[in-house]
Each structure stands twice: as C-alpha cells, then as structure tokens.
Amino acid sequence: MRKVLAIALLLLFCGVYTVAQDYPKAQVFGGFSYLHVDTEGAVAPAGTSIKRWYPGWEIAGQFNLTKMLGVKADFSGNYGTPITVTGLSTPSARTYSFLFGPVVSFRGERATPFVHALFGGNHIGLDSFTLPAGIIPGVAGTVPAGSETSFAMAFGGGLDVKLTRHFGLRVGQFDYLYTKHCADLFGIGCLLGSNSILGPGAPAAHQNNFRFATGVVIQ
C-alpha cells in the first residue's frame, strides 16, 4: 500500500511539474527597432528634407502569470536628424519610450503570436544648433538643447518562433505608438496644436507613430 501511495504521489508531482513548465515564467527580448515618426503633415521647403524613419533598439521583460496572460515592461530608443537643410548644421534628435502593460500570448509548439497594450511615457530630445533669423519667429543664433516628456501608449503584437528550449526569434513586432507632445523644446511656446507658434491651423498636439522590432527572445 505504501508503495502504491508513493508511486501515486510521484506521478502527481511529475504532473504538476509538467504543467508548471508548460510555459516560461519570465522572458526577455532584445533587438533592433525602427520607428516611423508622425511629422503631422509637415512639408519640407526647397533645399530641405524631413526624416521620418529612425533606427534604434528595444528591450522588454515579461512575467507570465498564466500560459496566456502576462505583464510586460518595454523600453526603446531611436535616433536621427529630424531635418536636413542645405548649407545649415542641423541638430540630432533622440526619442525614448518606457511602457508597461498586459500581454496575451497564444502559445503553440513552435510559434507564439502575441498582442499587447502598453502605457507610459515618451521622451524626446534635440541637440543644440545654430538657427538663422527668420526660420522661427523670435529665435536666432545658437539654440540650446531641449527636451520634453509626454504620455505615450502602444497597441500591437508580433510573432515569436522557438529555436531551442531557452532561445527564440522575434520574427517581427508591429506597434501603433501614440505620443502627446507639445514640442515646447526651447521654452518659446508650443510648436504644435491650436496655440502653436506655427500659426492657426497647425496639427493637433499628438502624434500617430508606428514601430517595428525584431530580435532574440530568452526564456
């Protein structure tokens, strides 16, 4: 009787252990990010060009509460020169997102599609540069570096493919990234929105951006 009971307990323990190992408790993603910035209908004058795509990085940590439901912390950084003007030294810019929220995973034997809804903030910064008179009213000469942090949220998802027990490939992740910047980078008034120094009819002070990422998943 004792042997039967011991075998039953062993089988029960193995069953519980198998269920517990049916999905990773935690996973980390790291890789390349490509951000498409909403320029809000801005048109580049002759001799200038506006940059819309910014390369960078993205890392995320995920804790799985169940096989399907988890929570995620997501961080990314993207870099570039917003505008290029012939004969003018233009500043470099950077943007960082820090987002948190739930993720739903549909786990298969080899592939795991997922969707997430993330909320947090977005920080933009612009290096100092020299601005000739007449470009922005009341601003000329050396303009100091400026930065601004705003509310942000991302809705999207992607596909992970399992390579080994602990490593996988994020084939692609696509996000709609909403940011709410006024772009008052230099303390001269909002550059966007109804009270914009750009004048009446300026676009709303929010941005509809898109983000792509790919990289390695460790679990």
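Reader: Which lysine forms a salt bridge with aspartate 22?
Author: This is a predicted model, in which local features need pLDDT of at least 70, side-chain atom pairs count only at pLDDT 80 or more, and totals for chains, interfaces and linings use all residues. Residues are numbered from 1 along each chain as its sequence is written, and side-chain values use heavy atoms, with hydrogens and water left out. A salt bridge needs a side-chain nitrogen of Lys or Arg within 4 Å of a carboxyl oxygen of Asp or Glu. With the closest N and O atoms 3.2 Å apart, the partner of aspartate 22 is lysine 67.

Reader: How many residues apart are aspartate 22 and lysine 67?
Author: Helices (H or I, at least four residues) and strands (E, at least two) are DSSP runs, numbered from the N terminus. Aspartate 22 sits in the loop between α1 (2–20) and β1, and lysine 67 in the loop between β3 and β4 (69–80). The pair thus links distant parts of the chain, and the separation is 45 residues.

Reader: Are arginine 211 and aspartate 74 buried or exposed?
Author: Their side chains meet in a salt bridge at 3.2 Å, N to O. Arginine 211 belongs to strand β12 (residues 207–218) and aspartate 74 to strand β4, so the bridge ties together parts 137 residues apart in sequence. Buried means under 20% relative accessible area, exposed over 50%, and partly exposed in between (1.4 Å probe, protein chains only). By that scale, arginine 211 and aspartate 74 are buried.

Reader: Which strand holds arginine 170, the salt-bridge partner of aspartate 160?
Author: The two side chains meet at 2.7 Å, N to O, and both residues are buried. Aspartate 160 lies in strand β10 (residues 146–162), ten residues away in sequence from arginine 170, which lies in strand β11 (residues 167–179).

Reader: Which elements give two or more residues to the lining of the largest cavity?
Author: On a 1 Å grid over the protein atoms alone, a cavity is a set of points where a 1.4 Å probe fits but cannot get out, and lining residues have an atom within 4 Å of a point. The lining includes Gln27, Val28, Ala60, Gln62 and Arg170. The elements asked for are β1 (26–36) and β3 (53–64).

Note on methods: 1 Å grid on protein atoms, 1.4 Å probe; cavity = no way out; pocket = protein on both sides within 12 Å on 5 of 7 lines; lining within 4 Å.
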